[in-house]
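This briefing goes through one protein chain by topic. The sequence and the structure come before the notes.

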Amino acid sequence: MVVGCAVLQDRALAAAAVEGGKAQVNGERVKPAKPLKAGDALIVRNGPFAWDITVLALSERRGPAAQAAKLYRESEESRRMREEKAALLKAERQSAPIYAKGRPTKKARRQIIKFTQDHD
């Protein structure tokens with residue numbers, strides 16, 4: 001199935017999205033073998049993002065993503081919502097501190113010991 005393939009840029013990801021219920025055709029959950037036709041409305045969710053797509057035409061064969069992008073049109077509202085969500089996630093990432101995972105290195109342990117001894 002071609003549902004979401006141009007959006008997700010990988011047939012395996014598109015099939016997984018359809019099987020996981022993250023793709024809808026004309027408001028209904030579909031199976032990977034669902035045939036598409038021009039005029040179908042798709043909603044594809046990938047993580048926090050969603051694409052609201054209208055199929056303009058179908059291709060007889062697989063091709064590059066740039067060529068596939070000409071076969072569908074994303075709604076302006078969908079594009080605006082994705083951009084706003086991306087900006088919000090970026091702002092949250094910048095404001096949240098990043099903590100190291102796992103054990104501290106030898107250098108970090110020495111700095112911790114020195115810091116705690118200086119403040120005792």
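The expected span of a helix is taken as 1.5 Å times one less than its number of residues. Helix 5 (residues 106-118) has 13 residues, and its first and last C-alpha atoms are 18 Å apart, close to the 18 Å expected. The model is a predicted one. Its chain has five helices and five strands, and 18% of its 120 residues count as buried.

**Fold and helix 5**

- Helix 5 is hardly covered, since the count of buried residues among its 13 residues is zero.

**Nonpolar core**

- In soluble globular proteins, nonpolar side chains tend to be buried together.
- The largest nonpolar core has 10 residues: Val 18, Ala 23, Val 25, Val 30, Leu 36, Leu 42, Val 44, Trp 51, Ile 53 and Val 55.
- Strand 1 (23-25), strand 3 and strand 4 are the elements that give two or more residues to this core.
- Strand 4 provides the largest share of this core, with three residues.
- Val 44, a member of the core, is found in strand 3 (residues 41-46).
- Val 44 counts as buried because its relative accessibility is 1%, under the 20% cut-off.
- Val 44 and Ala 14 are 30 residues apart along the chain, and their C-alpha atoms are separated by 9.0 Å.
- Leu 36, also in the core, sits in the loop between strand 2 (28-29) and strand 3.
- Leu 36 has a relative accessible area of 16% and is therefore buried, again by the cut-off of under 20%.
- Between Leu 36 and Val 55 there are 8.2 Å from C-alpha to C-alpha, with the two residues 19 apart in sequence.

**Salt bridges**

- Side chains of opposite charge can pair when their charged atoms come close.
- The structure holds five salt bridges, including those described here between Glu 74 and Arg 79, Glu 74 and Arg 82, and Glu 76 and Arg 79.
- Glu 74 meets Arg 79 at 3.8 Å, N to O, and Glu 74 meets Arg 82 at 2.8 Å, N to O.
- Glu 74 counts as buried, because its relative accessibility is 9%.
- Arg 79 has a relative accessible area of 30% and so is partly exposed.
- Glu 76 and Arg 79 form their salt bridge at 3.3 Å, N to O.
- Both Glu 76 and Arg 79 lie in helix 4, three residues apart, which is about one turn of the helix.
- An α-helix has 3.6 residues a turn, so residues three or four places apart point the same way.
- Glu 76 counts as exposed because its relative accessibility is 59%, over the 50% cut-off.
- Shared partners join the salt bridges of Glu 74, Glu 76, Arg 79 and Arg 82 into one network.

**Second largest pocket**

- The second largest pocket holds about 160 Å³ of space.
- Its lining consists of Pro 48, Phe 49, Ala 50, Asp 52, Ser 75, Glu 77, Ser 78, Met 81, Arg 82 and Lys 85.
- By type, the lining residues of the second largest pocket divide into four nonpolar, two polar and four charged.
- Strand 4 (49-55) and helix 4 (76-95) each supply at least two residues of this lining.
- Helix 4 contributes five residues, the largest share of the lining.
- Arg 82 is one of the lining residues and also a partner of Glu 74 in a salt bridge.

**Backbone at Asn 26**

- Asn 26 has a positive phi of about 50° although it is not a glycine.
- Asn 26 is placed in the loop between strand 1 and strand 2.
- The relative accessibility of Asn 26 is 45%, so Asn 26 counts as partly exposed, a class that lies between the 20% and 50% cut-offs.

Methods: Residues are numbered from 1 along each chain as its sequence is written. This is a predicted model: local features need pLDDT of at least 70, side-chain atom pairs count only at pLDDT 80 or more; totals for chains, interfaces and linings use all residues. Side-chain values use heavy atoms; hydrogens and water are left out. On a 1 Å grid over the protein atoms alone, a cavity is a set of points where a 1.4 Å probe fits but cannot get out, and a pocket is an open set with protein on both sides within 12 Å along at least five of seven lines; lining residues have an atom within 4 Å of a point. Grid points are joined across faces, edges and corners, and a volume is the space filled by probe spheres set on the points. Helices (H or I, at least four residues) and strands (E, at least two) are DSSP runs, numbered from the N terminus. Ala, Val, Leu, Ile, Met, Phe, Trp, Tyr, Cys and Pro count as nonpolar, Asp, Glu, Lys and Arg as charged, and the others, Gly among them, as polar. Buried means under 20% relative accessible area, exposed over 50%, partly exposed in between (1.4 Å probe, protein chains only). A salt bridge is a side-chain nitrogen of Lys or Arg within 4 Å of a carboxyl oxygen of Asp or Glu. A nonpolar core is a set of buried Ala, Val, Leu, Ile, Met, Phe, Trp, Tyr and Cys residues joined through side-chain atoms within 4.5 Å.
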